[in-house]
Amino acid sequence: MFDVVDEAGLVDRIAALERAKCAAAAEQAVLTAQLDTARRAREAANGIPAAKRGKGLASEVALARHDSPNRGGRHLGFARALVHEMPHTLAALAAGRLSEWRATLIVRESACLSVADRRVLDARMCADTKSLEGKGDKRIAADAKAIAYELDPHAVVDRAVRAESDRTVWVRPAPDSMTYVTALLPMTQGVAVYGALHRAAEACGDGRGRGHVMADTLVERITGRPAEVPVPVAVDLVITDETLLGGDQAPARVPGFGPVPATVARRLVAAAADDARSKATLRRLYKHPRSGALVAMESRARLFPKGLKRFVDRRDDTCRTPYCDAPIRHHDHARPHRRDGPTSALNGLGECAHCNYAKEATGWSVTTTSDENGCHTAEFTTPTGARHRSVAPRMPGRRTTIYSALDVRLALALSEHAA
């Protein structure tokens, strides 16, 4: 006997929860703006220069929201704009007429305007909340962009010109041992790149799918090597001896990417070793036999030497600030060197540039510990006293892996001989 379910009631509840999410986002924005005002007022009273007031606040907001520092900066800028310059957009968000993301789109498209023009755009977009009904992300952004251009075309054009300096490329993990490689390019260049790849796919008749050909063509034109040639593996593939030699299924780890299934890791190493056009080596790695943590190193130098930097990179994987997945750019002392902090693996942290600078703000502190199993933990304390912990990732497997520039072909040959 099936229970009778009130489907209409379920839909109404889903809608009510969505409105509650929007109202919560609006309240978060108001509270964030209040925190910003209070922090700056306190620091002004303490004689802190205006240029340094509010330093690190975006990272505090990010930690409170369990978000990355990059998004923390966006949350802070979003809150300032809504509370101080865009009351109608804030009201529409609080009423559930706009989602947080759609409100963000309006704020983003109006960022180049003067405060007076921004308030005009705010009123035209959101004073009548009924006009927002049925509009998706693209329509909201397009309408805001059109109004911004109408109010100040020069500001919109100037922003578009300045945006070209933001062109860049980044990579992030994708499911199933794949990656996303993303390029931010000026519109004409982006369209030209895509068009060239599309034409290559249209001209190919070997049975591969269009997307397959476009991806292979991209790799070949950028790397200068055929897509089927294995890439060099200088094993910044952190892997135990059991996994490499086929006796264990513990996953390997690619720093900055994450876990790689044992079978996939062995295939990567074997393919690189078997191809004469590719070189593959294994670096020396030390792993704690019980916990899987990489063991300690230290230096007498003020700056982290190359070997210790590499160790910290392999241990921390990405920026050690909680919720920040950015690549490691800085190697810094948890307890500052100026306060007798040692240059050691225990006191060392791999961080992105933003997080390294943020923790230098007044009121921030970081402490590090290592337990009996060698697991490295960092605890970040913010100016409000909030504490956030970050534990370094662990390598699975049983025995310590100790390789010293050992050629992969030799490792595989030993494995085959033992079998």
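The following legends describe an overall view and two close-up views of a predicted model.

Residues are numbered from 1 along each chain as its sequence is written. In this predicted model, local features need pLDDT of at least 70 and side-chain atom pairs count only at pLDDT 80 or more, while totals for chains, interfaces and linings use all residues; side-chain values use heavy atoms, with hydrogens and water left out.

**Figure 1. Overall view of the protein, with 15 helices and 14 strands.** Helices (H or I, at least four residues) and strands (E, at least two) are DSSP runs, numbered from the N terminus. Of the 419 residues, 39% count as buried (under 20% relative accessible area, 1.4 Å probe, protein chains only; exposed is over 50%, partly exposed in between). The protein exposes about 24100 Å², of which carbon and sulfur atoms supply 55%; accessible areas come from the Shrake-Rupley method with a 1.4 Å probe, and for residues only the protein chains shown count as cover. Among contacts (heavy atoms within 4.5 Å) between residues at least 6 apart in sequence, 58% join residues at least 24 apart.

Figure 2. Val161 counts as exposed because its relative accessibility is 54%. Together with Tyr149 and Val157, Val161 makes a nonpolar surface patch of about 290 Å² (residues with over 30% relative accessible area and no salt bridge; nonpolar side chains, namely Val, Leu, Ile, Met, Phe, Trp and Tyr, are joined within 5 Å, and like charges within 9 Å). A salt bridge is a side-chain nitrogen of Lys or Arg within 4 Å of a carboxyl oxygen of Asp or Glu.

Figure 3. Ala41 is partly exposed, since its relative accessible area is 45%. Ala41 and Gly54 lie 13 residues apart along the chain, and their C-alpha atoms are separated by 9.5 Å.
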